[in-house]
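Subject: Structure for your review

Dear colleague,

Please find below the structure I promised to hand over. My findings follow it.

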Amino acid sequence: PGGVVYNGIPEVGETLRHDVGDRGTGFCRLLVIGRINSWKGQDLLLKALCLINEDERDKFRVRIVGGVYGEDSRSLERLHRIVSSNDLNSIVQFYDFTNDPGEHFRWADWVVVPSTKPEPFGRVAVEAFAYGKPVVAASHGGLTEIVTHGMDGFLFEANSVTRLCAVIDRC
């Protein structure tokens with residue numbers, strides 16, 4: 001009774017249940033979830049994947065989950081162009097916004113928050129922890145108070161494709 005619960009979110013239920021799928025086949029599952037726009041960094045992750053040599057890149061599976069605001073579909077179209085022009089179609093899947101993202105969090109091995117501008121809070125990182133998932137996050141804004149580098153995830157230099165590449169290559 002009483003006190004402050006920092007970064008509190010509702011209980012998510014079965015946090016450690018894993019969905020059937022690629023588990024055990026050697027894939028590293030990366031999830032990026034949230035609004036699709038120019039500063040959430042989805043393109044940064046895609047560009048980082050392009051830096052990984054092709055043999056290693058095939059070991060990743062990426063889900064980009066989210067919607068655009070209103071009629072602004074340019075950001076999503078740009079992501080699709082990056083995927084198709086860099087032959088990432090077998091690695092990257094897109095999913096629309098969902099009110100219940102649990103299936104995506106359960107699917108993931110890592111949750112990536114590659115925002116190019118500082119997140120004031122970083123709710124996605126907190127939700128990932130609620131599902132027992134480690135986080136790879138840009139090292140700025142509220143994310144630096146949520147993610148403890150080397151403990152519950154990794155922080156990388158914000159806006160650095162090469163630093164993000166180095167971190168996801170470790171995953």
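Predicted model: local features only at pLDDT ≥ 70, side-chain atom pairs only at ≥ 80, totals over all residues.

In total, the secondary structure of the protein amounts to seven helices and six strands. Read from the N terminus, the elements follow the order β-α-α-β-α-β-α-β-α-β-α-β-α.

Strand 1

Strand 1 runs parallel to strand 2 and is joined to it by six bridges; here Cys 28 stands opposite Phe 60 of strand 2. Towards strand 4, also in the parallel sense, there are two bridges, and Leu 31 stands opposite Val 111.

Nonpolar cores

The largest nonpolar core holds 30 residues, of which Leu 30, Leu 46, Val 92, Leu 164 and Ile 168 touch the most other members. Two or more residues each come from strand 1, helix 1 (42–51), strand 2 (60–65), helix 3 (74–85), strand 4, strand 5, strand 6 and helix 7 (161–170). Helix 1 supplies the largest share, five residues. Apart from this core lies another, of 19 residues, including Phe 105, Val 111, Val 124 and Ala 128.

Leaving aside residues up to four places away in sequence, Leu 30 touches Leu 45, Phe 60, Arg 61, Val 62, Arg 63, Trp 107, Trp 110, Val 112 and Ile 168. For the protein as a whole, residues 24 or more positions apart account for 68% of the contacts with a separation of 6 or more. Buried residues make up 43% of the 171 residues.

Aromatic pairs

How many aromatic pairs does a search of the whole structure find? The search returns two. One is formed by Phe 105 and Tyr 131, which are stacked at 5.0 Å centre to centre with 5° between the planes. This pair links distant parts of the chain: Phe 105 belongs to helix 4 (residues 102–107), whereas Tyr 131 sits in the loop between helix 5 (123–130) and strand 5 (135–138), 26 residues apart. Both Phe 105 and Tyr 131 are buried.

The rings of Trp 110 and Phe 154 also form a stacked pair, because their centres are 5.7 Å apart and their planes stand at 25°, under the 30 degrees required for stacking. Trp 110 lies in strand 4 (residues 110–113) and Phe 154 in strand 6 (residues 153–156), so this pair ties together parts that are 44 residues apart in sequence. Trp 110 counts as buried at 14% relative accessibility, and Phe 154 is buried with a relative accessible area of 14%. Phe 154 is also the bridge partner of Val 136, and strand 5 and strand 6 pair in the parallel sense over four bridges.

Cysteines

The disulfide count comes to zero. The closest cysteine sulfur to that of Cys 28 is in Cys 171, at 5.2 Å, which is too far for a bond, given that a disulfide requires sulfur atoms within 2.5 Å. Cys 28 is buried, with a relative accessible area of 10%. For Cys 50, the closest cysteine sulfur is that of Cys 165 at 9.6 Å, again too far for a bond. Cys 50 counts as partly exposed at 24% relative accessibility.

A buried loop residue

Ser 115 is found in the loop between strand 4 and helix 5. At 1% relative accessibility, Ser 115 counts as buried. With residues up to four places away in sequence not counted, Ser 115 touches Trp 39, Lys 40, Gly 41, Ala 138 and His 140.

Yours sincerely

Methods:
Residues numbered from 1 in each chain as written. Heavy atoms only, no water. Phe/Tyr/Trp six-rings, centres within 6.5 Å; stacked < 30°, edge-to-face > 60°. Buried < 20%, exposed > 50% of the residue type's maximum accessible area, 1.4 Å probe, protein only. Pairing = 2+ DSSP bridges. Core = buried A, V, L, I, M, F, W, Y, C linked by side-chain atoms within 4.5 Å. Contact = heavy atoms within 4.5 Å.
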